[in-house]
Amino acid sequence: MTEAAIFPPIEELLPHRGTMLLLDRVAEYEVNALVAEYSPRTEAWYADVSGNMPGWVGIELMAQSVAAHVALNKRQAGLTPKMGALLGTRSYRMSPLSAGCFSAGQVLRICVQETFRDESGLAAYVCSIVQNGETLAAATLKTFEPDDFELFVQGSAL
């Protein structure tokens with residue numbers, strides 16, 4: 001993976017803003033994979049009583065990392081990213097090491113690897129969240145990038 005490259009600010013890759021932007025930066029990138037980083041904030045909307053990020057937010061970390069990967073691929077091809085949808089996952093697993101949360105102030109590395117993509121915009125990504133070399137969470141996300149997102153959310157583009 002390309003580590004030495006300088007990537008655009010995450011705000012140029014994702015439409016999320018304010019407290020809904022849950023990535024700090026892209027750390028590594030290649031055509032089929034990306035590693036993003038994020039440090040949970042003690043004052044964030046998701047913070048539990050100890051100031052940590054609940055484990056269930058990990059799905060959104062993974063989804064935003066997938067979106068950053070798609071945006072960089074589109075940018076490389078000279079295309080504009082389209083809106084996409086997280087279809088879901090069959091299994092989101094957290095390691096017992098995580099104690100069900102991600103520690104505030106610690107850098108998380110969100111790794112996404114595209115394993116499938118077809119012409120319709122359907123894709124699958126193997127994802128993990130790693131901290132200090134330990135995998136804290138893992139899932140395979142299914143995503144969809146329809147030609148017309150508005151028609152898709154209205155149920156007309158299926």
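1. **What you are looking at.** This is a predicted model, in which local features need pLDDT of at least 70 and side-chain atom pairs count only at pLDDT 80 or more, while totals for chains, interfaces and linings use all residues. Residues are numbered from 1 along each chain as its sequence is written, and side-chain values use heavy atoms, with hydrogens and water left out.

2. **The overall plan.** The protein chain holds three helices and nine strands. Here helices (H or I, at least four residues) and strands (E, at least two) are DSSP runs, numbered from the N terminus. The C-alpha trace spans about 45 × 35 × 30 Å along its principal axes.

3. Of the 158 residues, 44% count as buried. Buried means under 20% relative accessible area, exposed over 50%, and partly exposed in between (1.4 Å probe, protein chains only).

4. **A hairpin to start with.** Strand S1 (residues 25-30) and strand S2 (residues 33-38) run antiparallel and are joined by five bridges. Two strands pair if DSSP finds at least two bridges between them. A hairpin of two residues links S1 to S2, and Glu-30 has Ala-33 as its bridge partner in S2.

5. **The aromatic pairs.** A pair of aromatic rings is described by the distance of the centres and the angle of the planes. Rings of Phe, Tyr and Trp (its six-membered ring) pair if their centres lie within 6.5 Å; planes under 30 degrees apart count as stacked, over 60 as edge-to-face and the rest as tilted. The count by this rule is five aromatic pairs. Trp-45 and Tyr-46 have ring centres 5.4 Å apart and planes at 80°, so this pair is edge-to-face. Trp-45 is partly exposed, with a relative accessible area of 41%, whereas Tyr-46 is buried at 3%. Phe-144 and Phe-152 make a tilted pair, at 5.2 Å centre to centre and 55° between the planes. Phe-144 and Phe-152 are both buried.

6. Rolling a probe the size of a water molecule over the atoms shows where empty space is left. The search runs on a 1 Å grid over the protein atoms alone: a pocket is an open set of points where a 1.4 Å probe fits, with protein on both sides within 12 Å along at least five of seven lines, and lining residues have an atom within 4 Å of a point. Grid points are joined across faces, edges and corners, and a volume is the space filled by probe spheres set on the points. The largest pocket holds about 440 Å³ of space. It is lined by 21 residues, of which Ala-67, Lys-82, Met-83, Gly-84 and Ala-85 are the closest to its centre. Helix H2 (58-76), strand S4 (85-88) and strand S9 (134-144) each give two or more residues to this lining, and H2 gives the most, with seven. The lining has twelve nonpolar, five polar and four charged residues. Ala, Val, Leu, Ile, Met, Phe, Trp, Tyr, Cys and Pro count as nonpolar, Asp, Glu, Lys and Arg as charged, and the others, Gly among them, as polar.

7. **The second largest pocket.** This one has a volume of about 170 Å³. Its lining includes His-69, Lys-82, Arg-117 and Tyr-125. H2 and strand S7 (108-117) are the elements that give two or more residues, and the largest share, four residues, comes from H2. Two of the lining residues are nonpolar, three polar and six charged.

8. **Loops worth a look.** Ala-99, in the loop between strand S5 (92-94) and strand S6 (101-102), has a positive phi of about 55° although it is not a glycine. Ala-99 counts as exposed, at 65% relative accessibility. Asn-132, in the loop between S8 and S9, also has a positive phi, near 50°, and is exposed at 68%. Glu-119 sits in the loop between S7 and strand S8 (122-131) and is exposed, with a relative accessible area of 82%. Glu-119 and Ala-104 are 15 residues apart in sequence and 40 Å apart in space, C-alpha to C-alpha.
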